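Let's take a walk through this structure together, one stop at a time. Keep the picture open as you read.

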Amino acid sequence: MSPSRSPPKNPVLKTREPTVPPGLRSRAALRLTAAACEGRLELQRCRACSAFQYPPREACTQCLSTRLEWTECDGVGELISETILHHSNEPYFRERVPLRVGLVRLDVGVTIVAHVDGACAPAPARIRLAAHLDKSGQAALVAHPPEGPTDMTTSQTHRDMTCDPRGRKILVTDGKSETGEALVKAFIAAGADKVWAGVAEPWKDATAIDKLAQLEGVTTVPLDVTDARSVEALSGLIGGKVDILVNNAEFHRHKPVGARGVETARAEMDVNYLGLLRLIESFGPALKFRAADGPNGACAWVNILSVYALSALPSQATFTASKAAAFAASQALRADMMGVGIRVMNVFPGPIDDAWNQTVPPPKLAPSALAAAVVASLKAGVEDVYPGDVAQDILARWRESAKVLERELADQ
Amino acid sequence: MTPSGQDLLDRMAGALARRRVRVIDLTQTLSHSFPSIVLPPEFDQSAPFRSEPISRYDADGPDWYWNNFSCGEHTGTHFDAPIHWITGRDDPRGATDSIEPSRLIAPACVVDCEAETAKDADFLLTRDHLLAWERDHGRIEKGSWLLMRTGWSKRSDATLYQNFDETGLHTPGPDLSAVRFLVDERQVIGFGSETIGTDAGQAAHFSPPYPCHSLMHGAGRFGLQCLTGLELLPPKGALLITPPLKILRGSGSPLRVLALVEAAD
């Protein structure tokens, strides 16, 4: 089990600085990472001779064909031998030895050196290999028991590769919204040590604030992401304690381009894009500083974006533009946070079943389903999440042809 | 006595220097935390006050400190020009840049409703209240401001200041009879309040809706909102200085409201 809460910090000891494992990968190997970002294990398979291979290369080691295809793999195989690593010259691994590593033979015919989950039976044993993202944001392969990671998965290795909310202190930037309430409840249910729920403009909707404040483990805090002073003040108060920041603050209207005036667009940008920048400016340094602060140090930054950040929805042009801007900012944030091993997780939902999508026909994503996806994805340690049918559909079509999708979204 | 014999302003300057005439600030500090008016969310909202630094003796400006601020025209202590309301849209001198400057300095009558509003947040000031006030303090002169003192500015908690429940805002204001009386029978220059609007919180349900906005601005009169310090003014005799920013076709603006009050001997 993960620690249920952090032990009180000894204030006279130096805060451990974050280290990350070596993060350089070849262009071919980055495809392993790209699949791991969404929680999949993919390996190269030759289209000429059908052989799988590992590590990633430019050509097939069996027949020299260059027609290699990244293919999802179930990771089922056998741990054929194992050892305990007691020494490493890499500072990151030095801090983590002893480490259980082993040689895994997958049923698809490749042999791989991998981390071994403490819950695996001693070699020889059946295992399931999974691709996780390590602290450098790159794919790392871990052998789990055949049923995958379990509650018996105790290793720091696995904890370092995931962002389980259990025992962690979490800030949800807009607690009053429907997604905010669902997220707050989901984090409490997932065993979070503490949840702060941001509340902007407290004179509006006092009932929602009272409801939040009555939830066990939830503290409401003043936070208006359109106001740099407010963000700075809250960061001063709790910035050094937040382990996971979830930015769900959103301003959403349905406006096409060419509608009179830009005030709606400005308000959307102010919350959805500039709000994120203000949070990054104030909370970013504090989170980075605490990236290795004990077993429950700062570990993740979650942005609730929109699947239409990938391709604009013309009927909601200004909203999707603000989400696209936030997406760009989040990628820059990720590049920055990768240096200290904090996971930036982007969530790309389709229409959420809330007041601002009232007239959007189903399927829509329930706020509780969004929250469940966020919690599950933090536990799994992925960095890109496309929850629900619409998001999955748009993603598949975008990958198939961004141009075709653009044309198809033109009249939606 | 000046050579021309016109010594009124000299005497005024002397009185100011000797504090014989005191200057009272009736303005709330323009801050990020002061609440803005709330409209139903499907309407575009008035932006609250925000200020972000350009530089602060730092790499962005080593020797100087300054900010970019932004806000709606109707933010903090602010002035409502006649064109703010549809009834005043055709007023040729009804925008912040076209108002006759002589109308920006005017005497004020202060009606103390603190006792009533302490008991009833939805208290409405009526024609009868105003007539009773006149019996005590004399006639409301043409061209005066009528300021409604409610103690609302002492509500430093923004939630109490706004005073929302499920049926909306609950703040005091004038009723239709009072507004008609002030506009037609007394020809005031405008109506000033301590609350977020010159109209009562529930005035959307009045007939006509928002009578103070509708009738005052329709008759070319002004509004002042979010005033503070009205308890420092005498019922009659204060002189108000209320120039809004000279915004091109502005419907209003935040402003510094100053009152000149003669000190007692």
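Start with helix α3 of chain B, which spans residues 127-137 and has His129(B), Leu130(B) and Trp133(B) as buried residues. Keep in mind that this is a predicted model. If you look down the axis of α3(B), its buried residues fall within an arc of 95 degrees, so they line one face of the helix.

Next, what do the buried residues of α3(B) pack against? Their partners are β5 (105-112), β6 (124-125) and α5 (176-185), which belong to chain B. Just past the end of α3(B) comes Gly138(B), with a positive phi of about 95 degrees.

Now hop over to α5(B), where Ala178(B), Val179(B), Phe181(B), Leu182(B) and Val183(B) are the buried residues. The cover over them includes β6, α3, β7 (145-149), β10 (173-174), β11 (190-193) and α6 (211-218) of chain B. Just after α5(B), Gln187(B) takes a positive phi of about 50 degrees.

Most residues other than glycine have a negative phi, and most peptide bonds are trans. Asn163(B) is not a glycine, yet its phi is positive, about 60 degrees. Tyr210(B) is buried, because 20 other C-beta atoms lie within 10 Å, and 20 is enough to count as buried.

One cis bond joins Tyr54(A) and Pro55(A), with omega about -5 degrees; Pro55(A) is in the loop between β2 (52-53) and β3 (68-72) of chain A. Another cis bond links Pro362(A) to Pro363(A), with omega about 5 degrees, and Pro363(A) lies in the loop between β14 (343-347) and α9 (367-380) of chain A.

Time to zoom out. Chain A is divided into domain 1 (30-161) and domain 2 (169-409). Their C-alpha centres lie 31 Å apart. Where they touch, nine residues of domain 1 are in contact with eight residues of domain 2. The domain 1 side of that meeting has three nonpolar, four polar and two charged residues.

How many residues of chain A are in contact with chain B? There are 12, and they meet 11 residues of chain B. On the chain A side, α6 (228-238) and α7 (263-289) each give two or more residues.

In soluble globular proteins, nonpolar side chains tend to be buried together. The largest nonpolar core here has 74 residues, and Ile244(A), Leu245(A), Ile342(A) and Val374(A) have the most contacts inside it.

Definitions and conventions. Residues numbered from 1 in each chain as written. Chains lettered and ligands numbered in written order. Predicted model: local features only at pLDDT ≥ 70, side-chain atom pairs only at ≥ 80, totals over all residues. Core = buried A, V, L, I, M, F, W, Y, C linked by C-beta atoms within 7 Å. Buried ≥ 20, exposed ≤ 12 C-beta atoms within 10 Å, placed from the backbone. Helix = DSSP H or I, 4+ residues; strand = E, 2+ residues; numbered from the N terminus. Arc of directions from axis to C-beta. Contact = placed C-beta atoms within 7 Å. Domains from an automatic or database assignment. Nonpolar A, V, L, I, M, F, W, Y, C, P; charged D, E, K, R; others polar.
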